[in-house]
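Here is a quick tour of a protein fold, written for someone who likes to check things in a viewer. Have the structure open and follow along.

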Amino acid sequence: MKITVTVNGEQYTREVEPRLLLIHFLRDELGLTGTHWGCDTSNCGACVAWLDGVPVKSCTVLAVMAADKEVRTVEGLERGGELDAVQKGFAECHGLQCGFCTPGMLMTSRWLLDHHPDPSETEIREAISGQICRCTGYENIVRAVRWAAEHPSDEEVTA
Ligand code: FES
Ligand code: FES
């Protein structure tokens, strides 16, 4: 099937098999390997990207379901050479170790802060509860999201 998907503001048209998963479309067809493929069973959350503004596990979405829709991946967080506040927060608070879970954590965190700019620790933990981190024990991830909430970028403050 021929599909056109807008990813991080850019339109891509590709012939794909109907069974192709969005995660593989992003990684293998478009070369956007920032979105990680961890389990393929909807458990780990490393594959989270946004589909029309909503975080989805891209291993559970067919590429054809993204046709004529907007996808945002971790590559789309940075704007104009400036890291997003959540990216800065993860760097500041050592919110990652191996980094495998990080793309999904960042995308969910950005969505959370867009909708709840001042989340409690409980709300952060609930937001990332669909994602597994084997390394950090989650403490520094929560601190990183709180850091981002306390240091919004100028764009987010004026939005
Ligand atoms: S690869 Fe999608 S949830 Fe693990
Ligand atoms: S930093 Fe290694 S899985 Fe989260």
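## Overall build

First things first: this is a predicted model. The protein has six helices and five strands, and from the N terminus the order of elements is β-β-α-β-β-β-α-α-α-α-α. The radius of gyration comes out at 15 Å, close to the 15 Å the globule rule gives for 159 residues, so the protein is as compact as a globular protein of that length. Along the principal axes, the C-alpha trace spans about 45 × 35 × 25 Å.

Of the 159 residues, 48% count as buried. The protein exposes about 8200 Å², and carbon and sulfur atoms supply 48% of that area. If you take the contacts between residues at least 6 apart in sequence, 57% of them join residues at least 24 apart.

As a bit of background, strands of a sheet pair through backbone hydrogen bonds, either parallel or antiparallel.

Strand 1 and strand 2 are an antiparallel pair with six bridges, and V7 stands opposite E10 in strand 2. Strand 3 and strand 4 also run antiparallel, joined by four bridges. Here L51 stands opposite V54 in strand 4.

## Helices against the strands

Helix 1 (residues 22-29) has L22, I23, H24, F25 and L26 buried. What covers the buried residues of this helix includes strand 1 (2-7), strand 2 (10-15), strand 3 (48-51) and strand 5 (70-72). After helix 1 comes G31, with a positive phi near 75°.

Which residues have the most contacts inside the largest nonpolar core? They are F90, M105 and I141, in a core of 24 residues. Strand 3, helix 2 (85-92), helix 3 and helix 5 (139-150) each supply at least two residues of this core. Helix 5 gives the most, with seven residues. Apart from this core lies another, of 20 residues, among them V16, L22, L32 and A63.

Leaving out residues up to four places away in sequence, F90 touches G95, L96, T102, M105, L106, S109, I141, A144 and V145. Two of the names in that list, M105 and I141, are the other residues with the most contacts inside the largest core.

## Single residues to look at

Most residues other than glycine have a negative phi, which makes the next two handy stops on a backbone check. N8 has a positive phi near 50°, and N8 sits in the loop between strand 1 and strand 2.

A66 is in the loop between strand 4 and strand 5. Its relative accessible area is 0%, so A66 counts as buried. Not counting residues up to four places away in sequence, A66 touches T4, V5, L22, L51 and V71. The C-alpha atoms of A66 and T4 are separated by 8.2 Å, while the two residues are 62 apart along the chain.

Technical notes
Residues numbered from 1 in each chain as written. Chains lettered and ligands numbered in written order. Predicted model: local features only at pLDDT ≥ 70, side-chain atom pairs only at ≥ 80, totals over all residues. Heavy atoms only, no water. Buried < 20%, exposed > 50% of the residue type's maximum accessible area, 1.4 Å probe, protein only. Contact = heavy atoms within 4.5 Å. Pairing = 2+ DSSP bridges. Rg over C-alpha atoms; globule rule 2.2 N^0.38 Å. Areas by Shrake-Rupley, 256 points an atom, 1.4 Å probe, with all protein chains shown as cover. Core = buried A, V, L, I, M, F, W, Y, C linked by side-chain atoms within 4.5 Å.
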